[in-house]
Amino acid sequence: MSGALVPYHQRQNKAVDRHLFIDLLVRLNRRLPIVDYTYVSFGGAFLEDFKLLHGAFGNRKLISLENDQIAWRRQQFNVPLSCISCLHQDSADFVAQYAIEGNAIVWLDYASAGETRRQFNEFQALLPKLRRYDIVKITFNANPNSLRDSRSADENGKRETAEVRNKKRFEVLDKRIGDFIPQEFNFESMTVDGYPRVLSKALEVAASEALKGQSNMLFQPLTSFTYNDLAHQMLTISGILLERSERVAFIRDCALRAFRLATLRWGDYKKIMLPALTARERLFIDQHLPRSRERTIQRKLKFWFDPDEDVSLEILKSYIEFYRQYPNFHRVLF
């Protein structure tokens with residue numbers, strides 16, 4: 001899969017996203033036997049999410065999908081558990097042949113920016129095949145710059161205005177998934193903060209259409225995050241297949257409204273925007289948590305994490321929200 005060889009286990013935003021998914025599953029475990037679920041994901045060369053899930057719940061039915069020959073061979077060498085099946089298979093083929101018995105957790109961890117239509121189609125093809133209480137996590141490239149070519153000037157050599165640029169972005173997106181985009185959106189939504197909201201609401205339309213034949217079922221969003229990975233903004237949404245009549249009771253029983261990181265409405269999301277910290281910086285900040293807020297901490301640090309003070313404060317605010325999931329990377333001598 002695209003991105004299969006990227007060392008995501010060493011990138012703090014992606015690492016936090018994985019830990020937040022485990023936090024969500026802990027909540028759902030109040031009602032659902034997560035240990036009995038089959039877990040399917042794009043494990044990449046390092047299979048980090050498989051180790052995390054197995055460590056948290058002890059799942060024994062784990063399937064990694066990989067169509068990149070090099071990454072697949074590295075998987076076979078790196079596989080950390082005997083209960084992981086590393087399949088040399090494309091996600092589209094897996095969805096077409098889907099035949100998992102019992103409940104499943106499926107993470108469609110897409111990375112390619114130019115294949116949004118195919119990704120939506122796979123999601124739609126998968127949903128009707130799932131069971132009640134099956135869980136899907138889907139990740140998209142949500143970088144608006146990926147919706148146009150690299151040129152920043154018009155035919156006359158003049159630099160584009162934001163309006164012209166966003167109109168071009170919307171034209172590209174409309175060609176890809178225009179039939180899923182709600183009418184409330186237009187080119188003005190093609191910003192860094194607006195584009196993830198468009199994708200989320202478009203996925204709501206796609207889910208609704210996919211489940212038309214099962215009018216008693218719905219795909220309920222549970223968490224939604226954006227984060228930067230390399231040069232790209234990603235959007236990741238986790239949800240569950242429920243009967244419409246049980247939605248309120250399920251959310252209550254899993255205490256999801258009390259879960260501060262839950263996003264139960266389509267279009268909403270939370271930002272993961274973490275700094276790369278030295279050990280000394282992290283220890284200093286943590287000593288002031290959870291009581292101090294970002295402005296107090298930044299004043300005591302006496303430096304910013306970005307040339308823009310507001311951006312620096314937003315980065316600190318994100319760290320304060322996710323510091324418990326922030327990974328520790330250490331050099332280990334063998």
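The charged end of Lys137 sits over the ring of Trp107, 4.9 Å from the ring's centre. This is a predicted model. Eight strands form an open sheet with mixed pairing. The aromatic pairs number 14. A search of the whole structure finds zero disulfides.

**Sheet**

- The strand order is E3-E2-E1-E4-E5-E7-E6-E8, and the sheet is open.
- Its edges are strand E3 (84-88) and strand E8 (270-272), each of which pairs on one side only.
- Neighbouring strands are turned by 15° against each other on average, with direction ignored.

**Strands E1 and E2**

- Strand E1 (residues 38-41) and strand E2 (residues 62-66) run parallel, joined by three bridges.
- Across this pairing, Ser41 stands opposite Ser64 of E2.
- Tyr39 stands opposite Leu62 in E2.
- E2 is mostly covered, with five of its five residues buried.
- Leu62, Ser64 and Glu66 point one way from E2, while Ile63 and Leu65 point the other way.
- Residues on both faces of E2 are buried, Glu66 among them.

**Helices on the sheet**

- Helix H1 (residues 12-28) lies across E1, strand E4 (104-109), strand E5 (135-141), strand E6 (217-229), strand E7 (232-243) and E8.
- H1 runs at about 155° to E6.
- Helix H3 (residues 69-78) also packs on the sheet, where H3 touches E2 and E3.

**Aromatic pairs**

- A pair of aromatic rings is described by the distance of the centres and the angle of the planes.
- The structure has 14 such pairs.
- Tyr39 and Phe50 have ring centres 5.1 Å apart and planes at 70°, so this pair is edge-to-face.
- The cut-off for that class is an angle over 60 degrees.
- Tyr39 belongs to strand E1 and Phe50 to helix H2 (residues 48-57), so the pair ties together parts that are eleven residues apart in sequence.
- Both Tyr39 and Phe50 are buried.
- Tyr319 and Tyr326 also form an edge-to-face pair, because their planes stand at 75° with the ring centres 5.3 Å apart.
- Tyr319 is buried, with a relative accessible area of 0%.
- Tyr326 counts as buried too, at 9% relative accessibility.
- Ring pairs also link Phe42, Tyr110, Phe120, Phe140 and Phe180 into a cluster.

**Charges over rings**

- Lys137 places its charged end over the Trp107 ring, at 4.9 Å from the centre.
- Lys167 does likewise with Phe187: its charged end sits over the ring, 5.1 Å from the centre.

**Cysteines**

- A disulfide is a covalent bond between the sulfur atoms of two cysteines.
- The search of the whole structure finds zero of them.
- Cys83 is in no disulfide, and the nearest cysteine sulfur, that of Cys86, is 10 Å away.
- The cut-off for a disulfide is 2.5 Å between the sulfur atoms.
- Cys254 is buried, with a relative accessible area of 0%.

Notes. Residues numbered from 1 in each chain as written. Predicted model: local features only at pLDDT ≥ 70, side-chain atom pairs only at ≥ 80, totals over all residues. Heavy atoms only, no water. Pairing = 2+ DSSP bridges. Helix = DSSP H or I, 4+ residues; strand = E, 2+ residues; numbered from the N terminus. Axes fitted to C-alpha atoms, helices over the stretch in contact; angles between N-to-C directions. Contact = heavy atoms within 4.5 Å. Phe/Tyr/Trp six-rings, centres within 6.5 Å; stacked < 30°, edge-to-face > 60°. Buried < 20%, exposed > 50% of the residue type's maximum accessible area, 1.4 Å probe, protein only. Lys NZ or Arg CZ within 6 Å of the ring centre and 35° of its normal.
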